[in-house]
Amino acid sequence: MTEKKPDFATLAVHAGSSPDPVTGARVTPIYQTTSYVFDDADHAAQLFNLQTFGNIYTRLTNPTTAVLEERIATLEGGRAGVACASGHAAQLIAFHALMEEGDEFIASTRLYGGSITQFGQTFAKMGWKVIWADPDDPENFRRAMTDRVKAVFIEGLANPGGVVTDIEAIADIAHEHHVPLIVDNTLATPYLCNPLQWGADIVIHSATKFIGGHGNSMGGIIIDGGRFDWSADDRYPTLSAPNPSYHGLRFHETFGDFGFAMACRALGLRDLGPALSPFNAFLILTGSETLPLRMEKHCANALKVAEFLRQDERVAWVSYAGLTDSPYYGLAQKYLPRGAGSIFTFGLKGGYEAGTELVARVNLFSHLANIGDVRSLIIHPASTTHRQLSEEQQIAAGAGPDVIRLSIGIEGADDLIADLDQAMG
Ligand SMILES: *Cc1c(COP(=O)(O)O)cnc(C)c1O
């Protein structure tokens, strides 16, 4: 008899965790410690040389955080995970392992506003150049390829909402040019989509959002898919060349299919420093246990609210990939068969002004800059999250002046609809 792979819901509760061997504690304890006692001088030397696995200092590893890393890596079908202090920290650490000064990467124009700013401005200061591509036509990624491109970055289900990217087509183009595809899977979560299954090489999450799920902790995670050949040529020296800070160790050669994750940890976390706090790892782990239940409710509620808005005469348009008339419905059926997520946008006929009035009048929805909370959230991106962008960039990112973004929570759908109904005036 072949063993059946456990159900997602089973893995969400159990993957990575087991009763504490010392105390019997069933729930993973918070190892609120910065450092760990060495057995002896030899043990310490082996740890520092990466010759044995173990804990040195919480900037590198922590037992609570390690459970979260293993759990999300398992849910994504990946080889290893590296947790970071936030989603943005995870992006920084991942690119740090791939990019040298003067290198380039191609990124989708349909990204979280903060990522557009991070890539376009702050990464530029490190000599990492972003080339933007509109993902509606995957061929744009082929046209944008240069010899210096080291990675392609997309969101599968894209913020601020309603857009689904053709992961498989873009993965094929990236691989033809021997570069890895990185997918930010924050909006879909591993419950709705596993990008590694569609050819992605690296997955990134802002665990601040649905994985934690309760709007109480910042966190990020990088998942190493384990399949990319970093040593095929000399374009990824951080991974393939001898590393002077580890006596000439080569990360890919030494650690094989988790060499990228090891470089993220042993170089990126070590030297840039954005480690996840063990307390946040604990809260995010607790959240992860109910991820499948929450995502079912998030998606069901979102569809009901989107259907209500679509038939309302005060509404100009609704962009939700779960609606049959969405241009992304076909891609959603392929990549998100369990539901099109709970973040989407719509516009009121009254435009910018009606939008800001709506945001002022809601009671149950909270007006704030977050997504993926059990509570329903509302925002006007053009005046907040996407404010740093030019109007052209705002429109390209799906965050034009009339756009309202909703992150539908797990409350009763009828109460959410009633709140929007009264607030639209
Ligand atoms: C929030 C978010 C990020 C950034 O994550 P932080 O945890 O806020 O640093 C990146 N990508 C997407 C899609 C996000 O929603």
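H247 is exposed, with 71% relative accessible area (exposed means over 50%, buried under 20%, and partly exposed in between, using a 1.4 Å probe and protein chains only). This is a predicted model, where local features need pLDDT of at least 70, side-chain atom pairs count only at pLDDT 80 or more, and totals for chains, interfaces and linings use all residues. Residues are numbered from 1 along each chain as its sequence is written, and side-chain values use heavy atoms, leaving out hydrogens and water. Here is a short tour, by topic.

**Positive phi angles**

- H247 sits in the loop between α9 (237-240) and α10 (251-255); helices here are DSSP runs of H or I with at least four residues, strands are runs of E with at least two, and both are numbered from the N terminus.
- Although H247 is not a glycine, its phi is positive, at about 50°.
- T189 is not a glycine either, yet it has a positive phi of about 65°.
- T189 belongs to helix α8 (residues 189-192) and is buried, at 0% relative accessibility.

**A helix pair: α4 and α5**

- Helix α4 (residues 87-98) packs with helix α5 (residues 113-125) at about 40°, and their axes are 11 Å apart.
- The axes are lines fitted to C-alpha atoms over the stretch in contact, with angles running from 0 to 180 degrees between N-to-C directions.
- The two helices α4 and α5 are therefore oblique to each other (under 35 degrees is roughly parallel, over 145 roughly antiparallel, 65 to 115 roughly perpendicular, and the rest oblique).
- From α4, the contact uses H88, Q91, L92 and F95, while α5 brings G114, S115, Q118, F119 and F123; contact means heavy atoms within 4.5 Å.

**Aromatic rings**

- The structure holds 22 aromatic pairs, where rings of Phe, Tyr and Trp (its six-membered ring) pair if their centres lie within 6.5 Å, and planes under 30 degrees apart are stacked, over 60 edge-to-face, and the rest tilted.
- One of them joins W230 and Y236 edge-to-face, at 5.2 Å centre to centre and 80° between the planes.
- W230 is buried at 3% relative accessibility, and Y236 is buried at 1%.
- F255 and F258 form a tilted pair, 5.8 Å centre to centre with 50° between the planes, and F255 is buried at 7% relative accessible area.
- One aromatic cluster is formed by F95, F105, F119, F123, W128 and F153.

**A buried strand residue**

- T345 lies in strand β11 (residues 343-348) and is buried, with 3% relative accessibility.
- Leaving aside residues up to four places away in sequence, T345 touches P160, G161, W317, V318, S319, G398, V403, I404 and R405.
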